[in-house]
Amino acid sequence: MTTTYDPHHPLYLDEADTRAELERVYDLCHGCRLCFKFCPSFPTLFDYIDQHDDQDAGKMTPAQQDHVIDECFQCKLCYINCPYIPGQHEWALDFPRLMLRADAMRRANGQVTLRDKVTTTVMGNTDAIGKVSVATVKLTNKVMGAKPGSLIRKVVEKTAGISSVRLLPKFARTRFSSWFKQRPKVRVGKKQGSVTVFPTCLVEYQEPAIGKALVKVYEHNGIECSLTDAGCCGAPFLHSGDMAAFTKVAVDNVAMLAAEVRKGNDIVVPQPTCSYVLKKDYLDYVGGPDAQLVSEHTFDAAEYLMKVHKTEGSSLDTQFPGEVPETITYHTPCHLRAQNIGLKSRDLMKLTGAKIKLVQQCSGIDGMWGLRAENAELSIPIGKKLGEMVQAADGDVVAGDCHLANTAITEQTGDSPLHPLQVVAKAYGLDTE
Ligand code: SF4
Ligand code: SF4
């Protein structure tokens, strides 16, 4: 890997080297302009360069370079759109990874405010916060579920940096892992696979119903499920430039998940950002044979089911005696599109006989970027556009893999989207309560 994308390179956090690379890439993007529509970063970048008659990217100040970085929410859509990526073109340009490097460089060089660090700590320690929040669920949901703009939400914004105007996902009464460990032992019929569920903090603490649906659909199709003790994937730290905290989490998770793979299990993940991190980012930040093993054996939850269905000698049950909607509006999350695996959740839901209407529009949340107070103003119009597209599609049911994007849809439309695995569980008639 090059200096730019290898977090272990001695110059990775060097300010002069990083800023020179920003200048090189900003100049190339200014000449290309293909990505103008994805996010505010590119229009901001083009405006700064166009202010100069000679359109010299080298004339951007560090503050202007930083403005572009701050507006990137790591959706990765520019990477999948870019013809100049490493391995395919001599420019070797990976815009989202350069933004990660720039964030890490600024943090390492003392260019991040104390408030920013506090917000990252609060949002990054999802396991600690999740455990306390589930244990005190009534109080937590009263505070976090208080009306957007209310006094209590303003106090949370002031102290923790979490936007007072965004709808936040509620916490559950029971953790997914508690349900999993207490449920009666299940013997699957004809065995078609065996997996370890990496539940993700969103499913573990906030929406365990997704995990229950996953386990029931998998077991219904002869796939044995185990659970890992591995914690949050670390995405909130990674996306805020806290490389040390991310790497610590990543090293522990890689060791635990590699042990599961050695037992003969694949790893399945019901949230797109987290499966992306396990597949791609652990390779960069941890590396080595264990990270490679984890990457090769990690699957998005629907991706794994469709692999079973398409593999010779195995198939999914295609009888759906339960609730099958006529039409489903399906939101495709950016971090699933960035995995280049095709639209497996759509294909899975199609098996039920429902007609799928696709909505491909970023939610503007991406990890937790859109929930930070300073980003709400930029993020909300992106979520609004998504809400309008969901309403225009007018499906009988709204579905989406990402619980945070689904919350943004709820915020804008009042609909409560289901995860595709919940749609399929209902179509099988499985009890997921
Ligand atoms: S990753 Fe997404 S938000 Fe970041 S620069 Fe690329 S398109 Fe914009
Ligand atoms: S990221 Fe690639 S495709 Fe997008 S503007 Fe830059 S050079 Fe063009």
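**Burial and overall form.** I looked up burial first: in this predicted model, buried residues, meaning those under 20% relative accessible area with a 1.4 Å probe and protein chains only (exposed is over 50%, partly exposed in between), make up 57% of the 433 residues in the chain. I then compared the radius of gyration, taken over C-alpha atoms, with the globule rule of 2.2 Å times the number of residues to the power 0.38. The chain has 22 Å, which agrees with the value near 22 Å for a compact globule of 433 residues. I noted that the C-alpha trace spans about 70 × 50 × 40 Å along its principal axes.

**Conventions.** I record that residues are numbered from 1 along each chain as its sequence is written, and that chains are lettered from A and ligands numbered from 1 in the order in which they are written. Local features need pLDDT of at least 70, side-chain atom pairs count only at pLDDT 80 or more, and totals for chains, interfaces and linings use all residues, while side-chain values use heavy atoms, with hydrogens and water left out.

**Secondary structure and contacts.** I found 22 helices and seven strands in the chain; these are DSSP runs numbered from the N terminus (helices H or I, at least four residues; strands E, at least two). Counting contacts as heavy atoms within 4.5 Å, I noted that 75% of those between residues at least 6 apart in sequence join residues at least 24 apart.

**Nonpolar cores.** I searched for sets of buried Ala, Val, Leu, Ile, Met, Phe, Trp, Tyr and Cys residues joined through side-chain atoms within 4.5 Å. The largest such core has 40 residues, and Tyr218 and Leu421 have the most contacts inside it. Among the elements giving it two or more residues are helix H12 (208-220), helix H17 (301-310) and helix H22 (420-428). Leaving out residues up to four places away in sequence, Leu421 touches Ala213, Leu214, Val217, Tyr218, Ala301, Ala302, Leu305 and Leu348. Apart from this core lies another, of 34 residues, including Cys29, Leu98, Met99 and Ile382.

**Ligand 1.** Using heavy atoms within 4 Å as the limit, I listed Phe38, Cys39, Phe42, Cys72, Phe73, Gln74, Cys75, Lys76, Cys78, Phe95 and Pro96 around ligand 1.

**Positive phi.** I checked two residues other than glycine: Ala92 has phi near 45° and lies in the loop between helix H4 (77-81) and helix H5 (95-108). Asn340 has phi near 55° and is found in the loop between helix H18 (334-337) and H19. Asn340 counts as exposed because its relative accessibility is 61%.
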